[in-house]
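I opened the notebook to record what I looked up in this model, element by element. The entries follow the order in which I went through it.

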Amino acid sequence: MSDRRGLRRLRDIRGLIERSWRRRRTFKAGVIISATLILIAILGPFIAPYPSEGWGIPPETPRGARPPSWEHLFGTDASGRDLLSRILIGASVALLQVVIVIAVSLGIGLFIGALSAYYRGWIERILNYFIEVFMAFPAIIVALALRSMIGRGLMIVLLSLIITWWSWYARIAYIYARSIREMDYVLLAELSGLPRWRILFRHIIPNTMTPVIVQAITDTGGVLLEAASINFLGLGLPADYPDWGVLVQNGFNYIYSYPWISLIPGAFILLAALGFSMIGDTLREELDPRLRRRWKLWF
Amino acid sequence: MARIYVPEPTEKTILYVKDLKTWFPLRRGIIEVLRRLPRRYVHAVDGVSFQIEEGDVFGLAGESGCGKTTTGKTIIRLIDPTSGVIAYKPRKRLLDEWAEMGYEPPVIDKLGSIDLAKVPSKYLKPLRKEMQIIFQDPYGSLNPRARIYDILEEPLLIHGIGTREERYEFVAKALEAVKLIPPEDFMRRYPHQLSGGQRQRVGIARALILQPRFIVADEPVSMLDVSIRAEILELMMELKRRLGLTYVFITHDLALARYITNKIAIMYLGKIVEMGDTRRVLENPLHPYTKALIAAVPDPDPRNRHILRELPIKGEVPSAVNIPRGCRFRPRCVVYDNTPRIQKYCQTIEPPLIEVEKGHYVSCWLYGEPEEIIKSLRK
């Protein structure tokens with residue numbers, strides 16, 4: 001009985017975060033990495049050493065690709081633009097894409113999943129087929145299809161990712177809501193005559209939320225990488241825009257001669273993915289201790 | 001002369017049930033559909049009759065899976081019955097509300113009882129002010145995301161009772177009634193901040209907040225620590241005295257049933273096998289199944305702990321899908337094996353509940369004259 005009580009308490013996202021912060025070093029590290037990146041995204045345009053170059057304007061005296069030096073900490077790209085400035089200025093777009101994609105998919109997924117589980121019958125069946133169909137789409141294929149419809153741009157990145165990601169959250173929400181719908185308090189609410197949609201918002205969704213949110217936090221790293229790859233393929237943002245994925249793409253032609261042009265923005269993508277995943281993984285392990293790894297590398 | 005049990009409602013009867021059946025259909029496999037085999041059912045409640053007087057604590061006892069919970073949920077229409085009569089004597093409040101909705105309830109006897117089995121589900125809402133349920137699991141019956149205040153206010157909101165201030169008063173009073181004092185303190189809390197006993201008190205408060213008079217308590221203390229069981233039971237009894245409640249008390253614990261109920265029905269595989277005043281039934285059990293249940297109660301004397309007791313019962317509960325023909329207890333009955341005299345009846349005909357002594361009914365061919373009973377059954 002005490003075990004069940006413990007699980008229930010963890011379902012609360014705030015308690016979960018506090019607990020993870022107290023008990024897990026990995027979580028702290030993840031929070032520090034992510035917080036630093038978010039800070040960079042906010043302050044980027046103000047601390048960039050060569051702001052205009054960051055926005056994509058080449059310097060007046062062309063200098064070509066230069067390796068990292070004190071003058072240009074991360075070197076310059078093929079057009080001679082300061083890479084550090086470009087990364088700092090691109091950070092906000094790179095992270096904002098992720099936040100929008102995650103937030104919207106989470107909202108849609110949670111609603112559809114809980115609706116499907118709670119309304120049962122043919123709604124459940126149809127929505128589940130629907131969810132499965134969307135799970136089968138790869139984001140890049142959707143992006144390709146969208147490109148011919150609405151043309152290149154940020155919208156492609158957002159739409160194609162949302163279209164493919166929400167279904168995963170819907171599936172998780174569905175699985176959890178299925179057990180919530182059997183709880184006695186739902187039965188009590190039904191029996192006292194509360195309308196079904198009110199029960200959905202009052203009892204089902206709040207109790208389904210936590211695991212889905214945790215999954216979403218874990219996914220931020222993955223979304224960042226996918227967004228970068230869509231931009232990298234040239235389907236998303238314009239080629240001189242300093243999104244991190246685009247930066248990697250720009251350097252790709254010079255990967256043997258000037259490797260830093262691709263590698264340094266790539267390292268930032270990796271860092272962000274790592275930071276978010278560390279947060280998400282520890283939260284998930286704290287939510288369900290059975291998932292915890294038995295082995296340790298260095299954290 | 002053997003008298004077969006039928007409910008005989010009087011002025012004091014609050015609810016009686018006649019031949020109530022609740023069957024759950026099983027899904028048919030493709031082969032069954034193709035071969036046009038009949039749909040099969042789980043006979044959770046399979047022909048149950050009893051009556052409850054005002055102020056009773058009516059016990060429903062039996063091992064798990066015998067249909068006691070389903071019976072309890074069916075009589076308050078949480079589950080739809082398959083057939084049978086659930087006659088409930090309504091208060092004026094209920095009749096008024098139905099009249100307001102333009103619904104004419106199905107009256108079935110001279111006493112003005114209403115057959116709840118025939119009330120369509122859209123008219124059940126006012127009934128919730130008459131009949132409520134207390135669940136077994138105080139962890140599953142409270143939304144972990146809602147504060148105690150919201151949990152208790154919800155039924156009031158749904159039924160559109162009172163202004164905001166009045167509702168606050170109602171909630172405070174309900175919390176006081178279940179001894180969660182000071183109420184202002186408990187209102188703000190979340191369920192996980194309460195102990196199991198406190199949660200169950202909230203469950204009781206929630207059941208009481210609409211001022212019902214008939215409460216089904218589904219094993220209300222079986223998930224609580226032994227140390228707080230007595231407190232909760234005493235609270236329930238005190239509330240019963242103060243508010244004039246009637247309880248149906250579902251339990252598998254005969255010692256508990258003896259402590260709290262005044263009438264008891266022992267159920268086996270969806271049927272009542274023995275029924276009567278609790279003391280009479282438990283002190284002088286007649287049905288072989290009741291005897292086995294009582295023999296299974298642990299002996300509190302530690303000197304006897306090494307004695308392996310042999311229970312007068314064999315085998316396992318059969319599936320409620322394929323109920324044995326004749327007496328449904330026969331495959332497990334030890335008396336059957338040793339009594340050739342009645343074997344042919346046990347094999348073929350289901351024994352009815354017959355009155356053995358005043359107010360004590362049993363369904364077994366051991367008692368009374370089988371031929372005579374069969375004759376009155378035919379009538």
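I began with helix 11 of chain B, where I found P288(B), Y289(B), T290(B), A292(B) and L293(B) to be buried, a residue counting as buried if 20 or more other C-beta atoms lie within 10 Å of its own, as exposed if 12 or fewer do, and as partly exposed in between, with C-beta atoms placed from the backbone. Helices (H or I, at least four residues) and strands (E, at least two) are DSSP runs numbered from the N terminus. This is a predicted model, in which local features need pLDDT of at least 70 and side-chain atom pairs count only at pLDDT 80 or more, while totals for chains, interfaces and linings use all residues. Residues are numbered from 1 along each chain as its sequence is written, and chains are lettered from A and ligands numbered from 1 in the order in which they are written.

Next I asked which elements the buried residues of helix 11 of chain B pack against. They pack against helix 9 (254–260), strand 9, strand 10, helix 10 (278–283) and helix 12 (334–338) of chain B, where contact means that the C-beta atoms of two residues, placed from the backbone, lie within 7 Å. Helix 11, residues 288–295, lies across strand 9 and strand 10 of chain B and runs at about 100° to strand 9; axes are lines fitted to C-alpha atoms, for helices over the stretch in contact, and angles run from 0 to 180 degrees between N-to-C directions.

I then followed the two strands under that entry. Strand 9 (residues 263–268) and strand 10 (residues 271–277) of chain B run antiparallel and are joined by 6 bridges, and I266(B) stands opposite E274(B) in strand 10; two strands pair if DSSP finds at least two bridges between them. Both strands belong to an open sheet of 8 strands in chain B, with the order 6-7-8-3-9-10-12-11 and mixed pairing. Its edge strands are strand 6 (131–134) and strand 11 (354–357) of chain B, each of which pairs on one side only. Neighbouring strands of this sheet are turned by 20° against each other on average, direction ignored.

In their hairpin, which has 2 residues between the strands, G359(B) takes a positive phi near 70°.

I also looked up the other open sheet of chain B, in which 4 strands in the order 2-1-4-5 pair antiparallel. Strand 2 (41–53) and strand 5 (114–115) stand at its edges with a single partner strand each, so one side of each is left without a neighbour in the sheet. Strand 4 (residues 83–88) pairs with strand 5 over 2 bridges, and A87(B) stands opposite D115(B).

Where do the chains meet? I found 17 residues of chain B in contact with 18 residues of chain A, the largest share on the side of chain B, 3 residues, coming from helix 4 (residues 148–158).

Last, I checked confidence: the predictor gives the complex an ipTM of 0.78 and a pTM of 0.79.
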